Amino acid sequence: YKGNRIDLTVDSFHICVISAGEYQSRNSEKMRTSDCKIVSSFKEQLYDNVVLLQQQRSMSSNVDTYCTTLELSDRLDSLSYNKLIGNLKTDNAVCQVLPVLKINGNPLSVTNKFYVKLKEEYDFPMLQQLSVQYGIDIIGNNKYMPLWYTLSCNNKSLMNSIVAANSFYESGLFAK
């Protein structure tokens with residue numbers, strides 16, 4: 001944040017599921033209802049100021065998603081927690097499964113989207129190249145701030161949105 005590193009810890013009592021439709025944990029074969037409960041859910045829609053790229057206009061599953069936070073009945077060790085995330089990712093309706101993080105003890109759920117600002121308009125090919133390399137979709141850009149792009153991770157992405165946003169930032173290729 002503002003050029004300073006912020007330490008994040010994993011909240012092993014919660015998981016965030018990003019899905020194309022409303023997520024229902026009781027319908028998931030990957031988790032019994034007794035294992036968790038839904039504590040929050042919202043539909044994340046892009047703002048009207050985001051101009052979708054041509055290839056994204058017909059791919060609404062990457063654009064409008066549901067973000068559901070699950071509370072686990074028991075704290076899991078790191079291996080079990082990551083295994084559960086891996087199992088939930090195999091659900092076809094799920095775009096991405098993310099850990100819920102803590103900042104200064106406060107929980108932070110994240111989505112599969114993040115933002116990148118180009119230094120110059122001609123830097124777009126670098127954004128495309130890095131996005132293809134990491135398996136990340138470029139959704140569109142802000143019509144009022146055309147250097148700002150919205151990107152989206154999915155289950156085919158090599159990393160989640162937190163790691164991806166950090167990787168794009170630390171590449172030094174884009175504006176800070």
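Colleague: What makes threonine 69 count as buried?

Modeller: Its relative accessibility is 7%. Buried means under 20% relative accessible area, exposed means over 50%, and partly exposed is in between, using a 1.4 Å probe and protein chains only. The 7% of threonine 69 is under the 20% limit, so the residue counts as buried. A word on the source: this is a predicted model, in which local features need pLDDT of at least 70 and side-chain atom pairs count only at pLDDT 80 or more, while totals for chains, interfaces and linings use all residues. Residues are numbered from 1 along each chain as its sequence is written, and side-chain values use heavy atoms, with hydrogens and water left out.

Colleague: Where is threonine 69 found, and which residues is it in contact with, leaving aside its neighbours within four places in sequence?

Modeller: Threonine 69 sits in strand β4. Helices (H or I, at least four residues) and strands (E, at least two) are DSSP runs, numbered from the N terminus. Beyond those sequence neighbours, threonine 69 touches His14, Ile15, Cys16, Lys37, Ile38, Val39, Ser40, Val100 and Ser109, where contact means heavy atoms within 4.5 Å.

Colleague: Let's take histidine 14 next. Why is histidine 14 called buried?

Modeller: Its relative accessible area is 15%, and this value falls under the cut-off, so histidine 14 is buried. This residue belongs to strand β1. Apart from neighbours within four places, histidine 14 is in contact with residues including Val39, Thr69, Glu71 and Tyr81.

Colleague: What makes a polar contact with the side chain of histidine 14?

Modeller: The side chain of aspartate 11 does, at 2.8 Å, and so does the side chain of glutamate 71, at 3.3 Å. A polar contact is a pair of N or O atoms within 3.5 Å; within protein, one must be able to donate a hydrogen and the other to accept it, and residues adjacent in sequence count only if both atoms are side-chain atoms. The 2.8 Å to aspartate 11 is within that limit, and the 3.3 Å to glutamate 71 is too.

Colleague: On to the cysteines. How many disulfides does the count come to?

Modeller: The count is 0 disulfides. A disulfide is a covalent bond between the sulfur atoms of two cysteines. Here the rule asks for a pair of cysteine sulfur atoms within 2.5 Å. The sulfur of cysteine 67 has its closest cysteine sulfur, that of cysteine 16, at 5.4 Å, which is too far for a bond. Cysteine 67 is buried, at 2% relative accessible area, and cysteine 153 is buried as well, at 0% relative accessibility.

Colleague: Now helix α2. How do you know that its buried residues line one face of the helix?

Modeller: The buried residues of α2 are Tyr81, Leu84, Ile85 and Leu88. Viewed down the axis of α2, they fall within an arc of 100°, so they line one face. The arc is that of the directions from the helix axis to the C-beta atoms. These buried residues pack against β1 (9-19), β4 (65-72) and β5 (94-103), whereas Leu79 and Lys83 are exposed on the face turned away.

Colleague: What is asparagine 82 in that helix: buried, partly exposed or exposed?

Modeller: Asparagine 82, which is found in α2, is partly exposed, because its relative accessible area of 46% lies between the two cut-offs.

Colleague: What caps the N-terminal end of α2?

Modeller: Aspartate 77 does: one of its side-chain oxygens lies 3.1 Å from the backbone nitrogen of leucine 79.

Colleague: And in helix α3, which residues are buried?

Modeller: In α3 (residues 124-134) they are Phe124, Leu127, Leu130, Ser131 and Tyr134. They lie within an arc of 130° down the helix axis, so these too line one face. Their cover includes β7 (113-117), β8 (137-142), β9 (148-152) and α4 (161-170), and the opposite face carries the exposed Gln129 and Val132. Just after α3, glycine 135 takes a positive phi of about 70°.
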